[in-house]
Amino acid sequence: MATATIRPRLAPRRAEQKLTWGNPVVYFVALVVIALMLAPVVYIILGGFRTNAQITTDPAGFPAPWNIGNYFTVLFGSVFWQQVLNSTIAAVATTLGAVVLGVMASYVIARYPFRGRGILYSLFAAGLMFPITVAITPLYIVIKNLGLMNSLVGVILPQIAFALPVTIIILVPFLRAIPKELEEAAFIDGCSRIGFFWRMVVPLATPGVITTGILAFIGSWNGYILPLFILNDASTFTLPLGVQAFASQYAVDTAKVLAFTSLSMIPALVFFSLFERRIVGGLTGAVKG
Amino acid sequence: MTVRTHSPSPRRVDAVDESTGAGAAAPAPARRRPKGQSWRTRLEITVLVGPALVMFLSFVIFPVAMAAFYGFFRWKGFGPPTDFVGLQNYLTIFQDSAFLEALTHNGIIVVLSLVLQGPAAILLALLLNRRMRGQSVIRVLIFIPYVISEVVVGTGWSLMLQTTGAVNGFLENIGLGALKQDWLSDPAIAMWTLMLIITWKYIGFAVIIFLAGLQGIPEELTEAAQIDGASFWQIQRRITLPLLGPTVRIWAFLSIIGSLQLFDLVYIVWGQYVASTAGTSTMATYMVASGRNSGNYGYGNAVAVVMFIISLIIALLYQRYVMKRDTEGALTEGKK
């Protein structure tokens, strides 16, 4: 059911000609898989339109009648918007930080010949092996000693640091692919390395930069364990913490929890559908790099 | 730390460089003779890499190093640690049955993630890797669970999997009421429930990675095989799968590391206390429950170190023995 509603919206965007219909078996398998993938999401969204009485009588039913009250309660309260704002600030700052620092470092690793650049690359690449979970306990102490508890800065700085490995791994092959001839031509024309960086590298790297930016943004937007440790004050909560707090506060009000949950996943879904190709492309780059 | 050696001694080549000026020719000889870099190049390297390196060292490397230090203390997190206990924390960890259970669970999750997601994702990627209508829409939809945050996924699934939740309700509605289960708290099936959620959440990622890998395989190969009369499945088995090897190995690596660090989903669905009785606790939930949540920061850091070392050993062994051929190119590329 969900595929039927989403397909017409996305289909016109693509203008590929000469595409044939594939094997019906393939479509059948794809439909089953997609139904399995979307069912829980659809359940959460539809559940928000039901009342608790409806959910108790038939946990797996459709809204009858549709009830928009849960969504209105969440949308007209200040809690949700405060958390959207916090999440947005954290995600935008993380993205900018990771991209700016990442491009600069990748440029050096990709195009400056110097001893130790292999070690430098391996050092950042090693960071990829250790997600934030493993460092969270000591990281919490570092942030506490810096006096950054309960502030978004305390979340943003570590997020930038942990986004750097992916950013660098994706961008280095990208920047290395810029032809040497281009660089030599620029130097002959009197361009310095830094000038080359600003005038050629930054514009040419834009696709890779967007990809890494999106990955950093989504990582920050969905991040849970770091905010869990750093943000204890409800006014600083990001959306994931907010969802959890809301779910335990209104544990008996399932419908409202479902409404809150589905509203909180909308931004990520919108963001993803806008940049879907970039994200997939970025993962391709990461695997090949 | 390795890079800092470039900045302190830039004076040596000053004179040479100033005579040529900062203009056109300066960087060119530098490339031919890497040892004779101008101070300017060094400055550029420092300025460009410096900020990223400082961030990375202070928020990734430094905390891990500090964990190794704190792990030797009994410490409640206030003031400097003074109660040095040597290896006591580590002894306690490996004598605590709760940790050993969590470690076992991590092992099960590592294996089951590979076994459940790998073949299914490869099959799906093979099926979807042809030009056909609706291909990109299918891709996007399969990928959606991966984009949704763990908290939303956990909250949604935990509501659906309650005894009075939607999954049991659905089974009853379609006449399979006999299959109703206590999905979350029955220790016999809680692990499988967790694997269901993990598979649902992460298989899209595997499919996308594999599709990307498949797209890197030149079409000429499959076309040639087709002309030689090979069937679709023969082509997949003899040509596509072997060439997909590096991609599969990288995915497996990411999956293993992710499984070892699993925290969010378990912590949200099972909470900090239920996870151990339901048999889904992981090293990370153990670390948070016995460290931060009970105020024993010295102990929590020791658990972090153990997790770190286990992950590191597995990562190194994997890279050494499984990804050897794949990483060789990547690493040597960085050097020259």
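User: Which residues have the most contacts inside the largest nonpolar core?

Analyst: First, a note: this is a predicted model, where local features need pLDDT of at least 70, side-chain atom pairs count only at pLDDT 80 or more, and totals for chains, interfaces and linings use all residues. Residues are numbered from 1 along each chain as its sequence is written, while chains are lettered from A and ligands numbered from 1 in the order in which they are written. Now the idea: in soluble globular proteins, nonpolar side chains tend to be buried together. A nonpolar core is a set of buried Ala, Val, Leu, Ile, Met, Phe, Trp, Tyr and Cys residues joined through C-beta atoms within 7 Å. Buried means that 20 or more other C-beta atoms, placed from the backbone, lie within 10 Å of a residue's own. Here the largest core has 173 residues, and Leu164(A), Ala125(B), Val207(B) and Phe210(B) have the most contacts inside it.

User: What does Ala125(B) touch?

Analyst: Contact means that the C-beta atoms of two residues, placed from the backbone, lie within 7 Å. Leaving out residues up to four places away in sequence, Ala125(B) touches Val207(B), Phe210(B), Leu211(B) and Leu214(B).

User: How many residues of chain B are in contact with chain A?

Analyst: On chain B there are 90, facing 91 residues of chain A. Helix α3 (residues 39–70) of chain B supplies the largest share of chain B's side, 17 residues. By class, that side has 56 nonpolar, 25 polar and nine charged residues. Ala, Val, Leu, Ile, Met, Phe, Trp, Tyr, Cys and Pro count as nonpolar, Asp, Glu, Lys and Arg as charged, and the others, Gly among them, as polar.

User: How many helices and strands does chain A have?

Analyst: Chain A has 14 helices and zero strands, a strand being a DSSP run of E with at least two residues. Of its 289 residues, 48% are buried.

User: Is helix α13 of chain A mostly covered or mostly open?

Analyst: Mostly covered: in α13 (residues 239–249) of chain A, eight of eleven residues are buried. Among them are Leu239(A), Val243(A) and Phe246(A).

Definitions and conventions
Buried ≥ 20, exposed ≤ 12 C-beta atoms within 10 Å, placed from the backbone. Helix = DSSP H or I, 4+ residues; strand = E, 2+ residues; numbered from the N terminus.
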